[in-house]
Amino acid sequence: MIEVELDTSQSARRLKKDIADIYGHDSDLAVLSSSGLRKGSRYVVRVIEAGDALARQTGLIDANGRPVRGLPPQVVAANVCDAEAAWRGAFIAHGSLTEPGRSSSLEITCPGPEAALALVGAARRLNIVAKAREVRGVDRVVIRDGDAIGVLLTRLGAHESVLAWEERRMRREVRATANRLANFDDANLRRSARAAVAAAARVQRAMEILGPEIPDHLKEAGELRISHGQASLEELGSLATPPMTKDAIAGRIRRLLAMADKRASELGIPDTEAGLSPDLLGE
């Protein structure tokens, strides 16, 4: 007998229909009501009479009748579309998506470490970083990066979920930014913010002056400063590849500005401070 436990009635009905349409087997659908620690009803699809045949057809057991741990070889070694399908099925069966924020994550509960590692490998083929971990005796695969979550949901075809999740994510980020600015009562924080804005403006001008002449390591530091205008030097260093200290990232930015100012002097054009307002120059 093969038994599958699912979170939603829609998934259970779809699985029952697919088993009949694709593999030609009848199945039973049962509902387990919520009780104790179990929140919400669970739905169980059972194939009793043709369980062995379905297990061989789906790769749950090999030619010798031994259980296949993880994903079947024909799925692991298949095309990218099969990796997407494996993730789609896993997410429908035992996936969860938390609200955007510091602890946002897309998580799959797996039957064992082999299945978790197979899903991590499938995600890697989709250029998405996922991690396998055991939490309270349960193997899980977790994706925490917000951009990666959006990309994966798109590849799974969950377009409405992507739109809803991204909207909540953006609303949360806007709220967090507004709160951070509202709490800028401390003079040192305001000074640091203005200094970061001034540095980003100077770096932007330096990139315009030097153009393709910028060394790659200085260009990377400059692009980080421009892309993350309000980030601290320590945060910029952590975003670099590979990560570096705040002193290292500050040194690269200083060298970039000095190189640009020297070049501007040689060409007789405005330097990196030319476009700054008086209040920013005062910082």
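This note goes through the predicted model point by point.

1. **Ground rules.** This is a predicted model: local features need pLDDT of at least 70, side-chain atom pairs count only at pLDDT 80 or more, and totals for chains, interfaces and linings use all residues. Residues are numbered from 1 along each chain as its sequence is written, and side-chain values use heavy atoms, with hydrogens and water left out.

2. **The largest core.** A nonpolar core is a set of buried Ala, Val, Leu, Ile, Met, Phe, Trp, Tyr and Cys residues joined through side-chain atoms within 4.5 Å. Buried means under 20% relative accessible area, exposed over 50%, and partly exposed in between (1.4 Å probe, protein chains only). The largest such core here has 25 residues. Trp87, Leu106, Ile108, Val141, Ile143 and Leu152 have the most contacts inside it. Elements giving two or more residues include α4 (80–94), β5 (106–110) and β7 (138–143). Helix α5 supplies the largest share, six residues. Helices (H or I, at least four residues) and strands (E, at least two) are DSSP runs, numbered from the N terminus.

3. Another core, of 19 residues, lies apart from the largest one. Val203, Ile214, Leu224 and Leu256 are among its members. In soluble globular proteins, nonpolar side chains tend to be buried together.

4. **Arg140.** Look at strand β7, where Arg140 sits. Is Arg140 buried or exposed? Arg140 is buried, because its relative accessible area is 15%. Its side chain makes polar contacts with the side chains of Glu107 (2.8 Å) and Thr109 (3.5 Å). A polar contact is a pair of N or O atoms within 3.5 Å; within protein, one must be able to donate a hydrogen and the other to accept it, and residues adjacent in sequence count only if both atoms are side-chain atoms.

5. **Helix α2.** In α2 (residues 51–58), Gly51, Leu54 and Ala55 are buried. Seen down the axis, the buried residues fall within an arc of 105 degrees, so they line one face of the helix. The arc is that of the directions from the helix axis to the C-beta atoms. Their cover includes β1 (2–6), α1 (9–23) and β3 (42–47). Just after α2, Gly59 has a positive phi of about 80 degrees.

6. Most residues other than glycine have a negative phi, and most peptide bonds are trans. Asn127 has a positive phi, near 60 degrees. Arg136 also has a positive phi, near 50 degrees. Asn127 lies in the loop between α5 and β6 (131–135), and Arg136 in the loop between β6 and β7. A cis peptide bond joins Thr241 and Pro242, with omega about -5 degrees.

Definitions and conventions. Contact means heavy atoms within 4.5 Å.
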